[in-house]
Amino acid sequence: MTRTAVRSAVLLRAGAPLELRELHLDDPLPGEVRVRTLAAGLCHSDLHYADGTLPIELPAVLGHEVIGEISAVGDERSAHRIGERVIATITPSCGSCARCVAGSAAQCLRAAQVRQRSRPKLVDGEGRAVQLLGSIGGFADQFLLPEAAAVPLGDGIPDAEGCLLGCCVATGFGAVVHGAAVGPLDAVAVIGCGGVGVAAIQAARIAGARRIIAIDLHPEKLERARGFGATDVLRSGDDLVRRVHEICPGGVDKSFEAVGSPATAALAFEMLASNGVATVLGLERPGSAIALNAELLIEGDRRIQGAYMGANQLPRDIPSFEAHYRAGALQLDRMVTSRWSFEQINEGFAAMADPDAIRAVVEW
Ligand SMILES: [Zn+2]
Ligand SMILES: [Zn+2]
């Protein structure tokens with residue numbers, strides 16, 4: 001067994017900056033690939049683990065919205081080739097379980113087995129295992145993936161834009177097309193105009209939604225949302241549901257919550273038309289509960305649902321993302337609002353607080 005020295009940004013203590021450390025990465029086992037990192041998006045989930053809002057065992061390497069190129073394969077039967085660019089996914093699928101064959105690859109029943117391995121991927125200088133967010137750990141020079149978690153990408157999308165496909169675009173776009181099946185008859189509202197939200201807005205535009213209402217606290221984000229295809233924008237605050245009804249009498253057909261709070265999830269439900277569907281995407285704190293207006297539930301046919309990671313079907317979705325990008329319809333370039341070197345990763349996290357920010361991307 002050999003291990004490769006990799007430079008990693010390690011979370012040693014919640015709330016402390018990430019520390020650049022040399023760690024030791026295992027060789028790929030049969031069925032795995034080693035990936036040399038090209039770019040990683042800083043996602044709010046990473047931030048929530050880094051600041052302790054969400055729990056994770058420490059030490060840990062975060063980073064799950066990541067693109068890289070294959071630097072080694074675990075066996076010669078691998079479907080991947082050295083040098084191939086791949087998007088990492090935290091929802092690898094076996095392709096043959098009941099959920100996979102039913103088209104719900106993100107709910108694969110064997111995802112844990114797909115990720116399982118006989119020894120830790122990454123260890124520190126003393127040989128202690130280091131945790132990896134989503135079994136990826138993309139905030140490092142290199143990382144290991146099961147083959148099923150490495151989705152090939154063509155060469156039409158640059159690295160910094162390409163990494164977004166793995167989390168915020170997969171989630172926001174997927175929720176619209178797979179989760180809620182938005183079409184031309186639908187009026188849509190999107191609460192939260194960060195990476196996931198603007199991906200949802202663009203998908204709703206591409207799907208032909210008749211009306212797209214963007215909702216956020218920050219006027220800067222609302223201005224950007226218009227550029228991505230929002231037909232109307234509303235600043236969060238009092239009377240939000242009434243203001244949505246002013247734009248769409250009776251309420252919206254499909255709403256999307258991309259904030260991660262029980263209050264905004266409840267609002268997403270309240271602004272629905274009587275047969276509408278609310279899709280909750282933001283990561284909620286463990287144990288939190290959403291209080292629904294019972295009258296609206298009983299007196300209508302409203303539904304509220306999840307769409308974990310956009311109910312993605314990444315091997316099928318990625319070529320579509322590439323086609324929409326080439327056609328100018330999926331504007332990934334405008335989603336990258338700042339770029340940082342790996343050494344500047346903590347500055348990148350600080351930049352996420354900028355109300356104008358959509359995605360900060362670290363490039364290797
Ligand atoms: Zn993410
Ligand atoms: Zn499966």
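## Domain interface and cysteines in a predicted model

The chain is divided into domain 1, made up of residues 3-166 + 331-363, and domain 2, which covers residues 169-308. The structure is a predicted model. Taken over C-alpha atoms, the centres of domain 1 and domain 2 lie 28 Å apart.

### The interface

Contact between the two domains involves 22 residues of domain 1 and 20 residues of domain 2. Together, domain 1 and domain 2 bury about 1,800 Å² between them, and 58% of this area is on carbon and sulfur atoms. On the side of domain 1, the residues that lose the most area to domain 2 are Arg334, Pro355 and Ile358, which together account for 29% of what that side buries.

Which residues form a salt bridge? Arginine 224 is paired with aspartate 356, with 3.1 Å between the closest N and O atoms. Across the interface of domain 1 and domain 2, one salt bridge is found. Polar contacts between domain 1 and domain 2 number seven residue pairs, both residues of each pair being at pLDDT 80 or more. The side of domain 1 that touches domain 2 consists of eleven nonpolar, seven polar and four charged residues.

### Cysteines

How many disulfides does the model contain? The count is zero. Cysteine 193 takes part in no disulfide, and the nearest cysteine sulfur, belonging to cysteine 168, is 13 Å away. A disulfide would require the two sulfur atoms to be within 2.5 Å.

| Residue | Relative accessibility | Class |
|---|---|---|
| Cysteine 108 | 9% | buried |
| Cysteine 193 | 1% | buried |

Cysteine 108 counts as buried because its relative accessibility is 9%, the cut-off for this class being under 20%. Cysteine 193 is likewise classed as buried because its relative accessibility is 1%.

Definitions and conventions
Residues numbered from 1 in each chain as written. Chains lettered and ligands numbered in written order. Predicted model: local features only at pLDDT ≥ 70, side-chain atom pairs only at ≥ 80, totals over all residues. Heavy atoms only, no water. Domains from an automatic or database assignment. Contact = heavy atoms within 4.5 Å. Buried area = accessible area lost by both parts, 1.4 Å probe. Salt bridge = Lys/Arg side-chain N within 4 Å of Asp/Glu carboxyl O. Polar contact = N/O pair within 3.5 Å; in protein donor to acceptor, adjacent residues only side chain to side chain. Nonpolar A, V, L, I, M, F, W, Y, C, P; charged D, E, K, R; others polar. Buried < 20%, exposed > 50% of the residue type's maximum accessible area, 1.4 Å probe, protein only.
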